2 protein chains.
Amino acid sequence: MGFDLKLYLAERKQLVEDALEDCFPVPSGLEKSVLEAARYSLFAGGKRLRPILCLAAAEVAGGSREAAMPAACALEMIHTYSLIHDDLPAMDNDDFRRGKPTNHKVFGEAIAVLAGDALLTEAFDFVSKMDGDIPPRKILAVVATLVRASGYRGMIGGQVIDLECENRTVDLATVEYMHIHKTGALLSASLEVGALLGGGSDAQVSSLKRYGHHLGLAFQITDDLLDVEGDAREMGKKPGSDAAKNKKTYPALLGITRSREAAREHVDAALQALAAFDDRAEPLRAIARYLLVRKA
Amino acid sequence: MGFDLKLYLAERKQLVEDALEDCFPVPSGLEKSVLEAARYSLFAGGKRLRPILCLAAAEVAGGSREAAMPAACALEMIHTYSLIHDDLPAMDNDDFRRGKPTNHKVFGEAIAVLAGDALLTEAFDFVSKMDGDIPPRKILAVVATLVRASGYRGMIGGQVIDLECENRTVDLATVEYMHIHKTGALLSASLEVGALLGGGSDAQVSSLKRYGHHLGLAFQITDDLLDVEGDAREMGKKPGSDAAKNKKTYPALLGITRSREAAREHVDAALQALAAFDDRAEPLRAIARYLLVRKA
């Protein structure tokens with residue numbers, strides 16, 4: 001193979017964190033608590049998967065990762081806001097995330113709500129102020145893509161369906177529909193936005209979106225499997241916590257064996273979507289394959 | 001005078017509500033609860049002040065109100081999201097707004113958080129998809145203005161300061177700083193965005209922003225005065241409810257007489273900012289004067 005995924009992810013993570021650090025201000029003034037809270041969650045040890053996928057897609061499409069960096073940061077900010085709001089007592093009521101107390105446990109509920117609001121709002125600032133050679137019309141297409149993926153037609157819609165399905169018997173199709181919206185839409189948008197900013201053709205953008213769709217589902221299924229089989233230390237949360245909250249998981253609906261098969265099918269479909277790309281797609285291929293052996 | 005403000009406001013309100021109705025979808029699908037909740041607050045009897053100011057500024061600057069309508073809708077969506085989140089139990093914990101139960105009292109806290117998130121997100125969709133003859137670069141300037149006014153540098157920052165100042169002794173300068181951020185920034189942005197989309201010169205945009213700044217403060221002071229002196233039936237909330245929550249109001253800090261004087265000074269300054277404009281600014285002048293005699 002020759003491609004060192006671990007090194008690649010570590011290097012890319014650092015690039016993304018440097019960019020986030022540069023652009024998100026260090027707290028000062030009377031309103032500093034909300035910025036402290038936003039930064040707390042933004043730098044709470046996320047894997048930076050969405051920005052890394054965005055940068056990779058830009059390169060696969062023939063562009064530079066620099067051009068895609070503001071949008072990559074915006075994706076991470078939107079992802080972070082969604083985690084803060086999802087963890088709230090009125091929602092999933094989680095006390096820990098990635099082994100650290102959740103935002104509202106540290107800053108209180110009011111500031112946590114506002115920190116999420118601020119991250120979502122500023123995400124659009126990052127994108128609207130992208131400079132360089134990107135045509136304004138393309139930036140507006142990126143804004144529209146982010147909205148569709150994160151609003152009621154995407155991530156928020158998925159979270160609502162998740163809430164509606166609690167303590168209710170639901171079928172696999174509904175669970176899949178929920179995941180496609182709740183986590184798949186933003187993952188898929190990460191690829192789409194990167195491909196757009198990298199100057200990809202319509203066919204390339206569409207292939208990378210398809211990769212993102214299958215990667216998202218494979219990611220969710222392996223996440224559910226980890227919750228059943230995983231190790232608390234590596235995951236930063238207790239295994240079995242989904243089942244304890246009566247969440248509808250793939251293992252609960254399909255069994256462990258069939259869930260593993262489904263994950264493999266989606267990884268294969270993700271790889272298939274990359275068939276027309278050259279070696280620049282190797283990081284994306286490696287990320288998809290990694291899902292089948294992930295431990296956290 | 002000859003200008004009928006009541007009729008003007010009623011007509012403009014209807015135009016804005018038609019536009020909001022056209023663009024915000026009627027709920028369907030599994031995620032419909034969040035759209036029902038968003039629509040509940042969006043159509044809960046708001047005065048539509050921000051969109052009306054935005055449309056008026058576009059006309060004063062020499063443009064058409066049609067060109068400014070999507071941004072006007074976005075302003076109302078951002079305003080509505082902020083009300084939903086501000087009313088939450090963890091924030092101001094209000095049960096009623098404009099005489100109706102608040103969003104979380106009807107739909108529950110989880111859906112109320114998500115409905116606010118959805119309104120904020122979709123506001124950027126309205127703006128990013130503005131078509132017609134508006135140059136994409138100008139649309140991006142509108143996005144940047146909306147973010148600055150509604151994020152931590154504006155409305156969210158003001159809400160944080162408001163929370164920080166509860167049960168604490170604060171001076172007038174801090175209260176003013178809070179209002180300039182919490183309500184002033186978005187009001188001022190309504191004028192700025194309208195002026196931008198109406199094709200105003202830098203000097204015109206700046207004058208209309210200054211009008212918005214003073215109008216915002218006059219609006220806040222007269223709001224505080226109404227809370228002390230007002231009539232529950234006309235206001236849709238109980239008079240004295242700010243004082244009961246130990247909110248720092250102008251009457252509490254300045255006394256009623258000096259507060260009335262301050263309101264008049266800001267209205268005068270708002271009118272002064274319009275001095276260079278012709279009769280097309282008459283609606284904005286009438287709105288400023290009205291604040292001194294408002295009853296609700």
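Visitor: How many salt bridges does the rule find across the interface of chain A and chain B?

Guide: A salt bridge here is a side-chain nitrogen of Lys or Arg within 4 Å of a carboxyl oxygen of Asp or Glu. By that rule, the interface of chain A and chain B has 4 salt bridges. In one of them A:Arg153 pairs with B:Asp125, with the closest N and O atoms 3.3 Å apart. Please keep in mind that this is a predicted model, where local features need pLDDT of at least 70 and side-chain atom pairs count only at pLDDT 80 or more, while totals for chains, interfaces and linings use all residues. Residues are numbered from 1 along each chain as its sequence is written, chains are lettered from A in the order in which they are written, and side-chain values use heavy atoms, leaving out hydrogens and water.

Visitor: What area is buried between chain A and chain B?

Guide: Buried area is the accessible area (1.4 Å probe) that two parts lose on being put together, summed over both. For chain A and chain B the value is about 4,200 Å², and carbon and sulfur atoms give 74% of it. A:Leu30, A:Leu140 and A:Tyr152 supply 16% of what chain A buries against chain B, more than any other three residues.

Visitor: How are the two copies related?

Guide: In general, two copies of a chain are related by a rotation about an axis and a shift along it. Here, a rotation of 180 degrees with 0.0 Å of shift along its axis superposes chain A on chain B (RMSD 0.0 Å), by least squares on the C-alpha atoms of residues with pLDDT of at least 70 in both. The two copies are therefore related as by a two-fold rotation axis.
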